Amino acid sequence: MPANEQTWRDQKLLHVVFGVTSIVMLLSTIWMLAKDHSREWKNYQRRFQRLEAYTADARLSEEETADYYAKEKELEHLVAVARSSAPPAEVVDSFVEEAKKKASDKNVGSRYTYRVDRIEKAQEELAKARRSARSRGGAKDGEEGSTDGIAESERAGVIERRNELIAAMQDVLSRAKQVEDNAQRELKFKRAHLDGVRSEYDIGVNEGMGEAQLAGIEDRVRVIEREINGDGDAVYGLLSAAQDAKTHREKLQKLLDRATADEALAQKALADHQADIKRVETTLAERRENLGKSFLEMPVVDAFGRPLKIDNIWLPQLTWNNNFRDVARFDRCTTCHQGIEKTAPGSAVKPGYPTTERIELTLATPSERPDLTEEQKLRLREIKGDEAVAEQELQYTLVQAYGLEIAKHGLFNAGDVTVTVVRPKSPAATARLEPGDVIEQINDVKLLDRSRAKSYLLDSVEWGKPLTLHVRRGTPEPYSSHPRLDLFVGSMSPHKLGEMGCSACHDGQGSATEFKWVSHTPNTPAQAEDWHRDYGWFNNHNWLFPMMPKRFNESMCLKCHHDVVELEPSERFPEPPAPKLVEGYNTIRQFGCFGCHEINGWDGPSRRRGPDLRAEPAYFAAAQSILTDRGLSDHERSLAEEVVAHPDRHEARKLLAELIKADAALVPPADEKAPQTDEKMGDEVAEQKALEMAGDAERTVPDQARLTPASHKLAGLLAADEETPGQFRKVGPSLRYVGSKLDLAFLNDWIKNPTSFRPSTKMPRFFGLWDHLVPQEKVDERGNPITDENGHPVMVESQGRKDAELFEPVEIRAIAEYLLDRSEPFQYVERYEGVSEKASAERGKELFSTRGCLACHQHKDFPDGKQSQGPDLSRIGSKLTTKDGQRWLYSWVREPNRYHARTVMPNLFLEPITAADGDVSDPADDITAYLLASQDDWKPAPVGEVNKGALEQLAFIYLKGSFTERQAVRFAKDGIPSDLAADIKGDEQLLLRADGDSDGDLAKKKLLYVGRRTISRLGCNGCHDIPGFEDAKPIGTGLADWGRKDTSKLAFEMVVEYLREHPPGHAHAGDGHAHEHEGAAKEGEHHSLDPAEMEPNTGFFVEALLHHQREGFIWQKLREPRSYDFKKTENKEYTDRLRMPKFNFDQEQIEAVMTFVLGLVAEPPAAKYVYKSSPRRKAIVEGEQLLVKYNCVGCHTVKMETWEFDYDPADDSFANGPAFDDYPFLMPHFTPEQLAASKKTDRRGLGHATVTGMPVPTTEDHEPDEPLYFTLWEPVAINGHPWLVGGPEVPVMEQNLNKDKIRPYFGGDFARLLYPRAIEIGRRDNPNVKPSDVWGWVPPPLVREGQKVQTGWLHDFLLNPYPIRPAALLRMPRFNMSSDEAEKLVHYFAAVDNADYPYQYHRPGGSDYTPAADLDQYEMALKLVTDNNYCVKCHLVGDFKPKGLPAALAPNLDRIYQRLRPGYVTEWLAHPTRKLPYTGMPVNFPPRNDPNAKLRNSLYPGESEDALRGVVNLLLNYDTYMKHNMKIKSMVKEPPPQAAAGESAALDR
Amino acid sequence: MKSHAAILTAVVSLAFGWGIEAANGEEWGTLKGRFVYDGEPPKEQAIPTDKEPMCAKHKVVNEELVVNRENHGLKNVVVFVSSKKVKEHPDYKKSAGDKVTIDNNGCRFEPHIVAMTLSQTLEIKNSDPFSHNSNLAPLGDEGINPVLTQDATYDYKFHKIQKLPVPVACNIHTWMKGYIVVKDNPYIAVSDADGNFELKDLPAEELEFTVWQEKAGWLVARSDWDKKKATFKMKIKPGDGNDLGEIKVSPKLFEKK
């Protein structure tokens, strides 16, 4: 085909297509660019820049006040003055002299071509110029002041002269520098030369050069060395030249610096003053809109200049799990959250853009409207210019009236009335207004724009009456700064932004830059709606790590803080860092969740993955069980006892295990063995065996086992070593001896519903949780629902409910029977002999309240006691109604560790008391009597007959697991025949039938069997030590990684359906009452389940449930654990029903527990991120745990209360501070910086102080205008003055006290509770008892204990306390504490007080040697101590006890050397109240004006301080001194020599 | 009518050359009264001191409430002027710098209540032949607790007036208790064994008075006095004509609340 012009396609059409596609492409490109330009984050960044500029502007106007300019002017003037001053003549002279001296040096003078004459001339001219300028300025010679009297017109001339002088000096200096450089260079060259010649020598030696030649080189070396090092006067070495030149130059430099020092100082002051404003100006310049920036931000262009860009934080070591692969984390959150780490100017931790809050302030108004005076207008014109005057008149009137300026327009809303400036000490400052505040409302009027602000602040004001302002403070999201920058994100915080990023703590999708893709999580349904509306937020199910909602923010702390307790408030972070999480942790510990749900923090023996809450190994229980074995040898018994008391002592435990294993090895193999009917051995057999053991060892048959199989089994448990054993004790009481105190009726009632007896109990409820067992529709034979006449379906009880009602009473009874049956015998404590008084409940009540019981327990007779370490004892008498129970209580009160070797209940040393009339009473008996009398109407529900059918059915259900159905039926009815014994293992052995068993025996066996199975099923052993369950394992799901548990693995079942019928908030859920009260008609009623309409907290969780989220699951699980069985029980075996009991939690506790559990994500970050405490912090944390464990803080205060308050520095009390007239060593050492810092005042002109100690209680007649007083326990600097402990109380005006910031004391509630009682008791003997003395009778505060006592002493005292203060009402009890624990406590006190640990006291010369002079000194000091006017007036010393009132007696001085640290004794004796503010100990040796100087001198010559030190030395060397005075020799009667000889002769024979 | 006090003032001021203000006709008056216990006087309550041999020979009683058995006079009631900035009679200037003594004597403080002004100095003394300590802790002021052997003395200056009388105690003999009343004006009276008190040379103007007693606290003895603060206002007439007469104090006021 011939070629032609025709194209394949129609050109025209193609043009059109091309044209259209081009346009489409252009449009889509534009669309793309536009879309890119308006990305969400860019808008945020632009707005944040505006915010910054706005804030900077406001700061600038706040700084740029008239005061600022005046100050700047003054400083500038000072600079000018400095620049026109004459440098000190002596400095210039020294300079000239130094220069001249050098120039005339015989060795090097020629090098220094100084023009010293120029300096001298310039100096003269300057003096002349100054003289003439000053004469014109009207000053006389020698008159200097802030201004130097130089006429300003002349100043320039003077400055020029001075500059000439300085230039001349500088010229000299630079010449000196030149010479120095030359000398250095010459030296360097010469040294290089020397090195060259030396290497020539080396080469020569190597190459075999001749002696002569080598000598020649040596000579050359010597010459050069001489040139360098010099040779006395003959040669001036280069080294000296260089050094001298340097010294000389430095000297000149120093002198020149001194000459210009004034100027430099003035310049620096000016620069400092300007620095703040400069900084703000720089920010402003950066942030303000300008043409260049606007251009760069234009579409397309912005891709190149990138003024707005995505912020990335790259965290390669903080990985996240992306489908089984750990990948580095990219956080882009700061792209939008631009202000997140910004701090307020001048602070490293105060947020620069705090989160929005609304507050109410009271603004005082002046008595009349101030108007501008002409002069003010003039000044205004000067500063701001003519045209601004009119506009700014408003501003300035506001300034006059309130010290307030308001921006022309708001930032986010133009109409916002935004405060820009608050003048110091103005009414606005006093009202605590701050720049940036938005005034939303004045009195009752809402402000919509600025003009209304003017009218309500200036025009329609009732002058003299204060205004109420409603103020919005802070910045909206996403611009606000992170809260607590001291702790998070800030550059000084432990979680710096660059190191931690955001999503490691918050979760969410860190790399997203759009709100909805970040997986933000709303905190309430309302917030969810708002977000959905404003940002298109949705619940993104596909992202596995949605952000933690605000309520669970603290959960993620667990990733790195595995020990949790470090999150308690500390010295560095006194505000609690994670209160909710810590609360959750404590709740879990207290309620013992880990008993069933192990939280294993270890992933392998050395890899930690999170918090570790596991029960300790059951060594203690195993050893106790073994102790009941009558075949034990004495040695084994003592080992077992040691393990019971100290399961941490591995040697004893292992040895015991080995011995038992050796015994077990003697047991013949199973097939030869006679069948064992029980894990317990029959008494007769045991006795027989014990008898054999006790007989002659040789005669014992060696190959017969002594111990029971049960013991043999436990040997394995005892021998087991875990790499990282669990640390936690079971939280419930041991039930090993439960039969010795409780009867069946009580146990039955208690197990059924623990809150019936004790509403505050921690024991959860297992039975009667039937809310989910709702009635069901009645059906006919064909399965069709039957309806009533109205057509409604007829409802009947469901089978699930019927089963529960049938079986539960049997189970309860079975558990009780099992516990009582297995209870081991208990050795009750016998009563004291020689007690003449009968037990008295009345005496008991007083003892109960004074001997410390209330430090841990509550009782209704003492409603002020709030401690909950131990149980509430208000109705304990109703519990212990049997004789055994009463005997048990006496034993428990007297010797708690008899019942439980490691109980936290201490031994209170309740020894017989002999009254004044000789009657002897037993306090333990009295307290027991009182407790037994503490009863009310409560009675356990009567124990009914066991439903035999139900019992059999239950046995059958359990037996079905091990046998065929037919067998199971038979065994459940008749027991297991004994001929099957050999094949029966485990629990079923309990059902083995013996030949002579009656029906009753069989029924009992069935009960025990069902009891044991029920205990296993419900996991009672998780919290209680139960005989026979020593090696049982926890029954619940492990929680170590529950926070990441796949939600598809959570069995939500029909819970949503259940909630529709039982919507939260409608009825009291879960306790069975709801069911009883609401009629059946209400059952089955459906409710709409709309989270948005619920109370926000509930709504949040219901929403989460509807979305099948973990938060929802666990919330409902904790609220109504059995609700997940709703409509499920029909298709389940009875024993397969859910077992989780219901705990007595309130909503807050539930959320706290959830916070903890949701944080168990088992995603340990790289090692460097895991929290490691410093040794000191570790000691404090460990100590605090023990303080809580043993409830030391029930009695003792370990931290005093802290107050923060403002004060007026002009106030009399603070202007001068209290006088100090005492020994210098008692003065606390505040640094000048600390004193200066304490003088800082705020915008209101008020100072700020934080004091630690005790507030003085106010009296009834306290008037509002009187100050509150505060007794200091720590010295403090206020307004530049030190305030000391033992000095005046600090007066604080109530309105100045920052009540939100009061940090309460820690510990000592019992001491405070006892105090008023103690006063009452004291008044019986002495109506004038001094209230401050009474503090000495109650448990003392342990504040600064670390500085006070020696560590070794404290350790021993904790293990074995003895009475110290004779006046005290109670003595320190003895706890079952290990030496290790005591050491931790000792370490804690040392660490808290920054005291040495371990403490070592070195006596001068060692402990055995005492110089004679010292002994003389002790001798004199002892005279003082024993003089009836001094120490022995009150103190016991050795065997001496002073007469006088017991209340006035003071501690024995003979143990001071063991107990107290030397520094403390000195300070204590010098001024006791400086150490202990309430002490009654007087000042015996005042530093001045000793009223007893004459007497003291006669006993101990010298000054007061000598006597003081003498007594201290004696007390600290008391033992050494007493050893010297003790003559043993005289006490030994030597036998006559003959007898001695005879005896030894006898021995020889 | 010129009062006796005014004449005296004039004489004194002439003699010392000061008192210009007295010369311009200022007038002064004296307030008197007697507190009477309106009921059967309570039994004396002895404090056992036998544990301390030195004190055993002294009879020590509880001095919280001391009523004269014969005339029912109520001892140790404190009456003081509580108005602010009260004019002071020039006579008081003489004693402004005095020492006021409280003595440890016979295992009690003598006197039981000491009244003084801020400008005066408190002297604590021990006349007993053995040592006492004197524990004094005024609120918001420097506390002291010196040991005083026989005949020792200790001087103390208050820096602040005290709203309540400040107790002084001995920690060795814990029953010992005395009080110091410290005010900024000298118009403080303590009733004597017969219940009488007298405030001399008060400025003749309306003044506010406050009444305090150890056991009762603020003693609202009359129904027209302030119920909470136990204060009453009175216009002082020049001269001696200001007599409150017998002030009957109901025993109910001493019952422990």
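User: How many residue pairs are in polar contact between chain A and chain B, and what makes a pair count?

Analyst: In this predicted model, the count is 14 residue pairs, with both residues at pLDDT 80 or more. A polar contact is a pair of N or O atoms within 3.5 Å; within protein, one must be able to donate a hydrogen and the other to accept it, and residues adjacent in sequence count only if both atoms are side-chain atoms. On the side of chain A that touches chain B, the residues divide into 15 nonpolar, 13 polar and 11 charged. Here Ala, Val, Leu, Ile, Met, Phe, Trp, Tyr, Cys and Pro are nonpolar, Asp, Glu, Lys and Arg are charged, and the others, Gly among them, are polar.

User: What are the ground rules for the numbering and the model?

Analyst: Residues are numbered from 1 along each chain as its sequence is written, and chains are lettered from A and ligands numbered from 1 in the order in which they are written. As the model is predicted, local features need pLDDT of at least 70 and side-chain atom pairs count only at pLDDT 80 or more, while totals for chains, interfaces and linings use all residues; side-chain values use heavy atoms, with hydrogens and water left out.

User: Why is the pair A:Arg1474 and B:Glu142 called a salt bridge?

Analyst: The term asks for a side-chain nitrogen of Lys or Arg within 4 Å of a carboxyl oxygen of Asp or Glu. The side chains of A:Arg1474 and B:Glu142 meet at 3.8 Å, N to O, so the pair qualifies. Between chain A and chain B the count is 3 salt bridges.

User: How many residues of each chain are in contact, and what area is buried?

Analyst: With contact meaning heavy atoms within 4.5 Å, 39 residues of chain A touch 39 residues of chain B. The buried area is about 3400 Å², and carbon and sulfur atoms give 50% of it. That is the accessible area (1.4 Å probe) that two parts lose on being put together, summed over both. A:Asp1261, A:Asn1328 and A:Lys1433 supply 18% of the area that chain A buries against chain B, more than any other three residues.

User: What makes strand 1 and strand 14 of chain B a pair?

Analyst: Two strands pair if DSSP finds at least two bridges between them. Strand 1 (residues 28-37) and strand 14 of chain B are joined by 6 bridges, so they pair, running antiparallel. One facing couple is B:Gly33 and B:Phe197. Strands are DSSP runs (E, at least two residues) and helices are runs of H or I with at least four, numbered from the N terminus.

User: Why are strand 14 and strand 18 of chain B at the edges?

Analyst: The open sheet has the order 14-1-18 with mixed pairing. Strand 14 (196-203) and strand 18 (239-249) each have a single partner strand, so one side of each is left without a neighbour in the sheet.

User: What makes A:Pro478 and A:Phe909 worth a look?

Analyst: The peptide bond from A:Glu477 to A:Pro478 is cis, with omega near 5°. A:Phe909 has a positive phi, near 55°, and sits in the loop between helix 31 (896-899) and strand 13 (913-914) of chain A. Most residues other than glycine have a negative phi, and most peptide bonds are trans.
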